[in-house]
Amino acid sequence: MSKIILVVDDSSSMRQMVAFTLTSSGYKVIQALDGQDALEKANEQQVDLVLTDQNMPIMDGLTLIQNLRELPLYQKTPILMLTTESSDDMKLKGKAAGATGWLIKPFDPIRLIEVIQKVIN
């Protein structure tokens, strides 16, 4: 059974590129427009990994991670940030919120799959 990855980004072109990369590698993808949308989708269907942007309307990536980590189902689920934010300060905030890892846009598809394979169980 293929693993399900929730891809969260307010840019449809970014979601499509990430979804294409993941589905090409055999993952099932659910797309969300922002943190609020992602939280609703994660509650409807349990996912194996969350890949989220930071800067989004309604709910940003860090707030999404904090909300997911409060849910029993998502306390151990890998959550990766995929964002243009690269400052150490933001990475520390991500770690504090519960992010498993941090990837910088633009992403390298091969590297993205390698990182996912490392953290997904």
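Reader: Where is D9?
Author: D9 sits in the loop between β1 (4-8) and α1 (12-24). Helices (H or I, at least four residues) and strands (E, at least two) are DSSP runs, numbered from the N terminus. This is a predicted model: local features need pLDDT of at least 70, side-chain atom pairs count only at pLDDT 80 or more, and totals for chains, interfaces and linings use all residues. Residues are numbered from 1 along each chain as its sequence is written, and side-chain values use heavy atoms, with hydrogens and water left out.

Reader: Is D9 buried or exposed?
Author: D9 is buried, with a relative accessible area of 3%. Buried means under 20% relative accessible area, exposed over 50%, partly exposed in between (1.4 Å probe, protein chains only).

Reader: What does the side chain of D9 reach?
Author: The backbone nitrogen of S11, at 2.9 Å. The side chain of D9 also makes a polar contact of 2.8 Å with the side chain of K105. A polar contact is a pair of N or O atoms within 3.5 Å; within protein, one must be able to donate a hydrogen and the other to accept it, and residues adjacent in sequence count only if both atoms are side-chain atoms.

Reader: And which residues does D9 touch, not counting those up to four places away in sequence?
Author: M14, R15, A32, L33, D53, M56 and K105. Contact means heavy atoms within 4.5 Å.

Reader: New topic. At what angle do α3 and α4 pack?
Author: About 15 degrees, with the axes of α3 (residues 61-69) and α4 (residues 88-97) 9 Å apart. Axes are lines fitted to C-alpha atoms, for helices over the stretch in contact, and angles run from 0 to 180 degrees between N-to-C directions. The two helices are therefore roughly parallel. Angles under 35 degrees count as roughly parallel, over 145 as roughly antiparallel, 65 to 115 as roughly perpendicular and the rest as oblique.

Reader: Which residues meet there?
Author: L62, I65, Q66 and R69 in α3 meet M90, K93, G94 and A97 in α4.

Reader: What about α1 and α5, how do their axes cross?
Author: At roughly 60 degrees, coming within 10 Å; α5 covers residues 109-119. That makes α1 oblique to α5. V18, T21 and L22 of α1 and P109, L112, I113 and I116 of α5 make the contact.

Reader: Last one. Where is L68, and is it buried or exposed?
Author: L68 is in helix α3. L68 is buried, at 0% relative accessible area. Leaving aside neighbours within four places in sequence, L68 is in contact with L39, A42, V50, Y74 and I79. The C-alpha atoms of L68 and I79 are separated by 9.2 Å.
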